[in-house]
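Here is a short briefing on strand pairing and core packing. Keep the sequence and the 3D view open as you read.

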Amino acid sequence: MTSPFRRVAAAAVAGALLFVPAASHGAPTRVRALAGDSGFQFSPAQTSIVKGATVKWVESSGTAHRIAFYKKPAAVSGFRLSPNGSAKRTFKKVGIYKYRCTIAPHSTLTDGVCTGMCGVIRVTRP
Ligand SMILES: [Cu+2]
């Protein structure tokens, strides 16, 4: 049994070892929305892309989600993620974007700190 934290840490270590560059303008970077036995989470919870790249959220647990960006350097609209559906957003400005699922009890936001189904997208220069 691997905790979500350990999985994220393991992914970060694997990424560092492989020198995985930030995703370029090719296929969208995928983020899975998980629920059920895995708990409410985005996988990976943190991802890096280059400016102009697209993130595609894929729901694979049969649960609806509502994504809202609560910290962003540029406007990016939230969206509903239908059960087993997907949605994309393209990021045109460098910076750190933080988002969460606002459907209770998937995440909570207290004093700017998100717990649960929370995600971060780091958008870097190409
Ligand atoms: Cu959710």
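How many bridges join strand E5 to E6? Three bridges join E5 (residues 65–71) to E6, and the two run antiparallel. The model is predicted: local features need pLDDT of at least 70, side-chain atom pairs count only at pLDDT 80 or more, and totals for chains, interfaces and linings use all residues. Residues are numbered from 1 along each chain as its sequence is written.

**Terms for strands**
- Strands (E, at least two residues) are DSSP runs, numbered from the N terminus.
- Two strands pair if DSSP finds at least two bridges between them.

**The open sheet**
- Five strands form an open sheet in the order E3-E11-E8-E5-E6, with mixed pairing.
- Strand E3 (46–50) and strand E6 (79–81) stand at the edges with a single partner strand each, so one side of each has no neighbour in the sheet.

**The hairpin**
- E9 (residues 107–110) and E10 (residues 113–116) run antiparallel, joined by four bridges.
- Threonine 110 stands opposite valine 113 in E10.
- Two residues lie between the strands of this hairpin, and aspartate 111 in the turn has a positive phi of about 50 degrees.

**The nonpolar core**
- A nonpolar core is a set of buried Ala, Val, Leu, Ile, Met, Phe, Trp, Tyr and Cys residues joined through C-beta atoms within 7 Å.
- Buried means that 20 or more other C-beta atoms lie within 10 Å of a residue's own, with C-beta atoms placed from the backbone.
- The largest nonpolar core has 20 residues; Ile49, Trp57, Phe91 and Ile121 touch the most other members.
- Strands E1 (29–34), E4 (54–59), E8 (95–101) and E11 (118–124) each supply at least two residues of this core.

Key. A residue is buried if 20 or more other C-beta atoms lie within 10 Å of its own, exposed if 12 or fewer, and partly exposed in between; C-beta atoms are placed from the backbone.
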